[in-house]
Amino acid sequence: MTLNFETMTEQQILAIADPIMDNLMEASTQRDHARHVRDFTDRLKAIVVPDYFACICQQYQEEKGYFTTRTPIAVLRRPDSAAILWKQHFTKAPGEFVAEMVLVHRDGRYLVDHVMVF
């Protein structure tokens, strides 16, 4: 049986997505590639290779500082995935940013197929 994200509540999806996003942000702050990609799909792991990850971490930490508060904005449900949007703040950069994640369910696990902060 295939999991359908449309049948889940926003609270159920956030209960899955928030700890995954917490780990992603903590691991990128610590520049821990293996921990950062542990919940990624194979497709995303192929993109976020160690050298690319190191460059991205250095760039955002120099420009924006570190991640601070994150507040859910929306959960967009589709049959095979959910897109979660948060309002994100940083230690250095003023203003509000968007953190987003696409969550999928594969082989009995919830995995990240896309993630970005902009």
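**View A. Antiparallel pairing of strands β2 and β3.** In this predicted model, strand β2 (residues 82-90) runs antiparallel to β3, and 7 bridges join the two strands. One of the paired positions involves Q88, whose bridge partner in β3 is F97. The hairpin of β2 and β3 has 6 residues between the strands. Within this hairpin, G95 adopts a positive phi near 95°.

**View B. Pairing of strand β3 with strand β4.** Strand β4 (residues 109-117) is also antiparallel to β3, with 8 bridges between them. The residue A99 has V117 as its bridge partner in β4. A hairpin is formed by β3 and β4, with 2 residues between the strands. In its turn, D107 has a positive phi of about 50°.

**View C. Burial of strand β3.** Strand β3 comprises residues 97-106. Of its 10 residues, 7 are buried, so the strand is largely enclosed by the rest of the structure.

View D. The residues I47, V49, Y52 and I56 form a nonpolar patch on the surface. Together, these four residues have about 320 Å² of accessible area. Y52 belongs to helix α4, which spans residues 50-64. Because its relative accessibility is 42%, Y52 counts as partly exposed, a class that lies between the buried limit of 20% and the exposed limit of 50%.

Conventions
Residues are numbered from 1 along each chain as its sequence is written. This is a predicted model: local features need pLDDT of at least 70, side-chain atom pairs count only at pLDDT 80 or more; totals for chains, interfaces and linings use all residues. Side-chain values use heavy atoms; hydrogens and water are left out. Buried means under 20% relative accessible area, exposed over 50%, partly exposed in between (1.4 Å probe, protein chains only). Helices (H or I, at least four residues) and strands (E, at least two) are DSSP runs, numbered from the N terminus. Two strands pair if DSSP finds at least two bridges between them. Patches are made of residues with over 30% relative accessible area and no salt bridge: like charges are joined within 9 Å, nonpolar side chains (Val, Leu, Ile, Met, Phe, Trp, Tyr) within 5 Å. Accessible areas come from the Shrake-Rupley method with a 1.4 Å probe; for residues, only the protein chains shown count as cover. A salt bridge is a side-chain nitrogen of Lys or Arg within 4 Å of a carboxyl oxygen of Asp or Glu.
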